[in-house]
Amino acid sequence: MIVTALLPESLQSRADQLRQAHFPPERNFLKAHVTLFHALPPSCEGEVRAVLAELVREHAPVPAYLTGVMKLGRGTALGIESEAMLALWERLADRFHGLLTPQDEHRPRLHVTIQNKVSLEEAKALQAELTPRILPREFAFRGFGLYAYRGGPWERLRDFSFRGQARVDD
């Protein structure tokens with residue numbers, strides 16, 4: 001199972017447009033997303049659902065900052081900073097310790113991939129084009145997305161929307 005941080009609708013729409021325009025079409029099966037966990041075991045789906053439901057009941061939308069264009073070597077992303085989301089990630093990582101893949105054991109670099117597996121020249125050209133157009137700004141994550149990977153495009157299982165009052169740092 002995959003857990004993502006949900007972007008606000010306006011940023012989601014813009015990221016989807018960029019991904020549609022610049023991601024290799026033969027590899028573009030997903031909407032733009034911010035992955036928190038890549039591969040939680042299906043056997044813990046009930047517990048994952050319960051923990052995500054608990055977190056969104058407790059917390060208000062999580063503050064974040066779009067930093068601008070991020071270089072991914074042979075790709076391009078929108079960089080994101082959010083200590084509050086990383087604090088929630090740490091709670092989840094602690095809860096599922098022992099079930100995490102090596103990739104998911106490490107604190108994520110929050111980002112939205114809009115281009116991947118292209119030539120270095122193509123990636124650098126897009127970064128140069130987008131850098132003056134992608135302006136840093138504050139936003140708030142609106143919740144978590146839970147997906148199943150069944151060998152192809154992700155299957156959306158459920159969105160969990162923040163509706164609590166607590167700030168993560170409270």
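Biologist: How many residues does H3 have, and how far does H3 reach from its first C-alpha to its last?
Modeller: H3 has 13 residues and reaches 18 Å, close to the 18 Å expected at 1.5 Å a residue; the expected span is 1.5 Å times one less than the number of residues. Helices (H or I, at least four residues) and strands (E, at least two) are DSSP runs, numbered from the N terminus. This is a predicted model: local features need pLDDT of at least 70, side-chain atom pairs count only at pLDDT 80 or more, and totals for chains, interfaces and linings use all residues. Residues are numbered from 1 along each chain as its sequence is written, and side-chain values use heavy atoms, with hydrogens and water left out.
Biologist: Which residues of H3 are buried?
Modeller: Ala84, Met85, Leu86, Leu88, Trp89, Leu92 and Ala93. Buried means under 20% relative accessible area, exposed over 50%, partly exposed in between (1.4 Å probe, protein chains only).
Biologist: And what covers them?
Modeller: The cover includes strands S1 (2-6) and S2 (34-37) and helix H2 (45-58). Contact here means heavy atoms within 4.5 Å.
Biologist: Different spot. Where is leucine 99?
Modeller: Leucine 99 is in the loop between H3 and strand S5 (111-115).
Biologist: What does leucine 99 touch?
Modeller: Pro41 and Cys44, leaving out residues up to four places away in sequence. The C-alpha atoms of leucine 99 and cysteine 44 are separated by 8.9 Å, with the two residues 55 apart along the chain.
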